[in-house]
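Open the model in your viewer and keep the selection panel at hand. Each stop below says what to pick and what is there.

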Amino acid sequence: MAYFRPPGPAPDPALVRSLTQQQHELHQRLRAEPLAQPPRLIAGCDSSFPTPDTILSVFVVLQYPSLELMEKVYSYGPVPLPYIPGLLSFREAPNVVQAFAKLVNKPDVIMVDGHGVAHPRRMGIAAHLGVLLDMPTFGVAKNKLTGTFAEPGPTRGDHSPLTDTRTGELLGQVLRSKDRVLPLFISAGHRCDLPTATALTLGCLRGYKLPEPTRLADHWAEEFKQEVR
DNA sequence: GCGACAG
DNA sequence: ATCTTGTCGC
């Protein structure tokens, strides 16, 4: 799936092959199944870049369904790789795992900022992170990576399927999280199916485009970024 | 050959 | 993701 690259240095072909291979291996461990129990704690995670070569990842844990913030932690370190479409997880997941390790309150499910299986090889960062942590995860992305969809209705809650036109496979749901704002892309991750991911996203909306877990993680990722510079 | 590409 | 002011629209 020869991706074209905008500007910047050409990614090393050997590196791309190696990471893609690792992605296939990780995919073997991906478990597609519904969430075992209704969550009591839901986490949100996101990363920011204080400098071009420093990544800072945040984890927030909220009570569900009250969405009361219980904990927030962050971790930062060097950026291991440049951004390569489809291989984002290798750039961000390592540091996200470091942040997760700092949590005292382990969540029942993690809402990840990015795609889950709505990925060329069904291994977006949400799926990747789930396998690494063996924790239930699902993805909430702001833009499409792969797949086809029809514009969902204009009202909050309206949604339409994101499909792989080659295989006909359902990759995710394109969800209008707020009236008249660009839709979100919801997809299953590890040990959390699409219906559950969609329901949890809706259950985390509080009047903003972004559901609370990612909105708060996003907020603190920006806040801590200033603090670290 | 052309196009399309999370964060 | 990140660099950035004013400006359009509900």
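Where does L67 lie? In the loop between β2 and β3. Helices (H or I, at least four residues) and strands (E, at least two) are DSSP runs, numbered from the N terminus.

Before going on, note that this is a predicted model: local features need pLDDT of at least 70, side-chain atom pairs count only at pLDDT 80 or more, and totals for chains, interfaces and linings use all residues. Residues are numbered from 1 along each chain as its sequence is written, while chains are lettered from A and ligands numbered from 1 in the order in which they are written.

**Stop 1**

Most residues other than glycine have a negative phi, and most peptide bonds are trans. L67 is partly exposed, with 17 other C-beta atoms within 10 Å. The scale is this: 20 or more other C-beta atoms within 10 Å of a residue's own make it buried, 12 or fewer make it exposed, and partly exposed is in between; C-beta atoms are placed from the backbone.

Now select Y64 and P65. The peptide bond between them is cis, with omega near 10 degrees. P65 is also in the loop between β2 and β3. The hairpin has five residues between its strands.

Next, show β2 and β3. They run antiparallel and are joined by nine bridges. Pick T54: its bridge partner in β3 is P78.

**Stop 2: the sheet**

Colour the strands. An open sheet of eight strands has the order β3-β2-β1-β4-β5-β8-β7-β6, with mixed pairing. Two strands pair if DSSP finds at least two bridges between them. The edge strands, each pairing on one side only, are β3 (69–78) and β6 (159–163). Neighbouring strands are turned by 25 degrees against each other on average, direction ignored. Such angles run from 0 to 180 degrees between N-to-C directions, with axes fitted as lines to C-alpha atoms, for helices over the stretch in contact.

Select β4 and β5 (residues 137–141). They run parallel, joined by four bridges. Here I110 has T137 in β5 as its bridge partner.

Contact between two residues means C-beta atoms, placed from the backbone, within 7 Å.

**Stop 3**

Which residues does UniProt list for "binding site"? The unreviewed entry lists D46 and D113. They span 68 residues in sequence, yet no two of their C-alpha atoms are more than 5.7 Å apart, so they gather at one spot. UniProt positions are given in the numbering used here, feature names are shortened, and annotations may be inferred rather than shown by experiment.

Select D46 in strand β1 (residues 41–51). It is buried, with 28 other C-beta atoms within 10 Å. Not counting residues up to four places away in sequence, D46 touches V58, D113, T214, A217, D218 and A221.

Move to D113 in strand β4 (residues 109–113). D113 is buried too, with 25 C-beta neighbours inside 10 Å. Beyond four places in sequence, its contacts are C45, D46, V140, T214, A217 and D218.

**Stop 4: the nonpolar core**

The largest nonpolar core has 52 residues. Such a core is a set of buried Ala, Val, Leu, Ile, Met, Phe, Trp, Tyr and Cys residues joined through C-beta atoms within 7 Å. Select C45, V58, F59 and V60, those with the most contacts inside it. The largest share of this core, seven residues, comes from β2.

Centre on V60. Leaving aside neighbours within four places in sequence, V60 is in contact with residues including A43, L69, P213 and W220.

**Stop 5: helix α3**

Finish at α3 (residues 125–133). Seven of its nine residues are buried. What covers them includes α1 (13–27), α2 (88–101), β4, β5 and β8.

Step on to D134, in the loop between α3 and β5. D134 has a positive phi of about 50 degrees although it is not a glycine. D134 is exposed, with 11 other C-beta atoms within 10 Å.
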